[in-house]
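Open the model in your viewer and keep the sequence panel beside it. The stops below are given in the order in which to select them.

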Amino acid sequence: MVKPRSLYDRFAPALVAAALGLVSFSAAAQEKKGMPQFDPNTMPSQIFWLIVCFAILYVIMSRVVMPTLGGTIEARAAKIQGDLDAAAKARDEAKAALAHYEKSIADARAEAQAANRAAADAASAATNAKLAEVGQRIGAEIAAAEQRIDEARAAAMDNVRSMAVEVAQAAYGKLVGGQADAARVDALVGAALRGGAR
């Protein structure tokens, strides 16, 4: 707030200088027979009324105008300070909202990553279980196929052995004559099939 004393200090030298200038100008005008308001005979009364007017103006300014201006300035300063405080509060709220938003994004990202990881683990476990099941089924099918092959091989070997016995008996009958010993021929054919025939 502007103090009345500073207003007086500001305008008093100018008023004194103006009065002195007016006196010198009126003296010069009197010498030249110029304007009547610069007549040196009326100069003291003019200076008196000038001082009275300045005092009245000073009182009005210091008692009415300056307090009003000071109140307006203080109100304006209070409003500006309130606006600054509101802006600072809004800025703090915006920062808090931004921090909350960033935390929410980070939490959501972490939850999404955890969900993706869990889904990948579940899919991997299901795939492994499926692969194990398929492996077991294929192993069982291979074992069954090997068993069937062994059975087919055994049946084929029995047929070959029967045919070989019959051929050997027929050859014995044609070469030697008579009937060969079936048990002996079967044993020899079996030994030959096992690789031990002489």
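**Before selecting anything**

This is a predicted model, in which local features need pLDDT of at least 70 and side-chain atom pairs count only at pLDDT 80 or more, while totals for chains, interfaces and linings use all residues. Residues are numbered from 1 along each chain as its sequence is written, and side-chain values use heavy atoms, with hydrogens and water left out.

**Whole chain, coloured by confidence**

Colour the chain by pLDDT, the predictor's confidence in each residue, from 0 to 100. The average over the chain is 86, and 87% of the residues score at least 70. Confidence is lowest in helix α1 (residues 4-31), with a mean of 67, and highest in α2, with a mean of 93. Where pLDDT is low, the predicted coordinates should not be read in detail.

**Whole chain, as cartoon**

Switch to cartoon: the chain has three helices and zero strands, in the order α-α-α from the N terminus. Helices (H or I, at least four residues) and strands (E, at least two) are DSSP runs, numbered from the N terminus.

Now show the surface. Its accessible area is about 15,100 Å², and 65% of that belongs to carbon and sulfur atoms; areas come from the Shrake-Rupley method with a 1.4 Å probe, and for residues only the protein chains shown count as cover. Of the 198 residues, 9% count as buried. Buried means under 20% relative accessible area, exposed over 50%, and partly exposed in between (1.4 Å probe, protein chains only).

Among contacts (heavy atoms within 4.5 Å) with a separation of 6 or more, 46% are between residues 24 or more positions apart.

**Select 182-193**

This is helix α3, with 12 residues and a reach of 16 Å from its first C-alpha to its last, close to the 16 Å expected at 1.5 Å a residue. The expected span is 1.5 Å times one less than the number of residues. Which residues of α3 are buried? They are Val185, Val189, Gly190 and Ala191, and the buried residues of α3 pack against α2.

Side chains of opposite charge can pair when their charged atoms come close. A salt bridge here is a side-chain nitrogen of Lys or Arg within 4 Å of a carboxyl oxygen of Asp or Glu, and the count by this rule is five.

Lysine 79 and aspartate 83 form one of these, at 3.2 Å from N to O. Both lie in helix α2, four residues apart, about one turn of the helix. Aspartate 83 counts as partly exposed because its relative accessibility is 42%; lysine 79 is also partly exposed, at 47%.

Lysine 103 and aspartate 107 form another salt bridge, at 3.0 Å from N to O. They too lie four residues apart in α2. Lysine 103 counts as exposed, at 53%, whereas aspartate 107 is partly exposed, at 32%.

Arginine 91 forms a salt bridge with aspartate 92, with the closest N and O atoms 3.7 Å apart. Arginine 91 is partly exposed at 48% relative accessibility, and aspartate 92 is partly exposed at 42%.

Ile56, Ile60 and Val64 make a nonpolar surface patch of about 260 Å². Patches are made of residues with over 30% relative accessible area and no salt bridge: like charges are joined within 9 Å, nonpolar side chains (Val, Leu, Ile, Met, Phe, Trp, Tyr) within 5 Å. Valine 64 is found in helix α2 (residues 43-175) and counts as partly exposed, at 48% relative accessibility.
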